[in-house]
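Reader: Please walk me through the aromatic side chains of this model. Keep it short.

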Amino acid sequence: MAKSELLKSSIAKKVAMALSGLFLMLFLAQHFFINMTSVFSADTFNSISHFMGNNPLVQFVIQPILIVGVIFHFIMGFVLDFKNRKARPISYVNYNGGAAASWTSRNMIITGSVVLAFLILHFYDFWVPEMVYKYVEFSPLDETRYFPELVHKFESPVRTALYCISFVLLSLHLQHGFSSSFQSVGFNNKYSKGLKNFGLGFAILIPFGFVFIALFHHFNH
């Protein structure tokens with residue numbers, strides 16, 4: 001393959017990676033706002049969760065797209081990191097701390113791997129029991145079960161700590177990922193600075209909002 005073709009292929013992968021990341025950020029924001037209702041009203045959280053958990057469009061269209069998006073994003077992340085490391089003449093082990101690149105930008109694969117591990121835990125905690133409840137045990141509909149199940153998950157200090165640490169690393173991942181996503185798709189104009197500030201706010205507010213939710217239920221169960 002010619003050098004120009006390799007470059008085009010690499011750019012295409014980065015653009016696909018960026019677009020999948022932006023898509024997942026939309027899901028993250030929606031997930032945050034739903035979970036935040038659990039702090040203020042158990043009934044509201046139960047109602048929204050019941051709707052999301054039993055709506056055919058959500059269950060059989062949006063949910064599969066989300067799962068594919070998650071898998072695609074992380075596979076592309078590992079592929080691009082492997083290619084970057086292979087093409088890099090000097091290892092980051094010898095990295096000069098005074099250089100411009102931040103720790104986060106140099107270790108996106110680490111923060112991403114932790115986030116992936118967290119997602120696996122999250123699926124194990126919530127998605128798998130939900131699938132078993134509805135499609136294996138065929139349990140009757142119970143519109144009030146979601147809030148108690150959520151609170152129960154945060155009774156364990158170990159699980160709560162794991163969630164909090166994961167969201168801190170997610171914050172670091174997002175801080176670099178959001179700005180690099182727009183660079184990858186070639187977005188560079190007068191709105192770039194505003195978008196960068198928005199991304200920074202998003203990367204702080206949403207993950208630490210999840211930390212707050214976890215700690216709130218842990219100390220108030």
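**Aromatic rings and their surroundings**

Author: At 5% relative accessibility, Phe210 counts as buried (under 20% relative accessible area; exposed is over 50%, partly exposed in between, with a 1.4 Å probe and protein chains only). This is a predicted model, where local features need pLDDT of at least 70, side-chain atom pairs count only at pLDDT 80 or more, and totals for chains, interfaces and linings use all residues. Residues are numbered from 1 along each chain as its sequence is written, and side-chain values use heavy atoms, without hydrogens and water.

Reader: How many aromatic pairs are there by the rule for rings?

Author: Rings of Phe, Tyr and Trp (its six-membered ring) pair if their centres lie within 6.5 Å. Planes under 30 degrees apart count as stacked, over 60 as edge-to-face and the rest as tilted. The count by this rule is six.

Reader: Are the rings of Phe167 and Phe210 stacked or tilted?

Author: Their centres are 4.6 Å apart. Their planes meet at 5°, so the pair is stacked.

Reader: Which helices hold Phe167 and Phe210?

Author: Helices here are DSSP runs (H or I, at least four residues), numbered from the N terminus. The pair ties together parts that are 43 residues apart in sequence, because Phe167 lies in helix H7 (residues 157-184) and Phe210 in helix H8 (residues 192-220).

Reader: Is Phe167 buried or exposed?

Author: Phe167 also belongs to an aromatic cluster, with Phe32, Phe33 and Phe210. Its relative accessible area is 6%, so Phe167 is buried.

Reader: Are the rings of Phe212 and Phe216 stacked or tilted?

Author: These two residues are four apart in helix H8, about one helical turn. Phe212 is partly exposed at 41%, and Phe216 is partly exposed at 26%. The ring centres are 6.0 Å apart and the planes are at 40°, so the pair is tilted.

Reader: Which residue has its charged end over the ring of Tyr133?

Author: A charge sits over a ring if NZ of Lys or CZ of Arg is within 6 Å of the ring centre and within 35 degrees of the ring normal. Here the charged end lies 3.8 Å from the centre, and the residue is Arg145.

Reader: What is the phi of Phe138?

Author: Most residues other than glycine have a negative phi. Phe138 is found in the loop between helix H5 (108-136) and helix H6 (146-153). Phe138 is exposed, with a relative accessible area of 62%. Although Phe138 is not a glycine, its phi is positive, about 50°.
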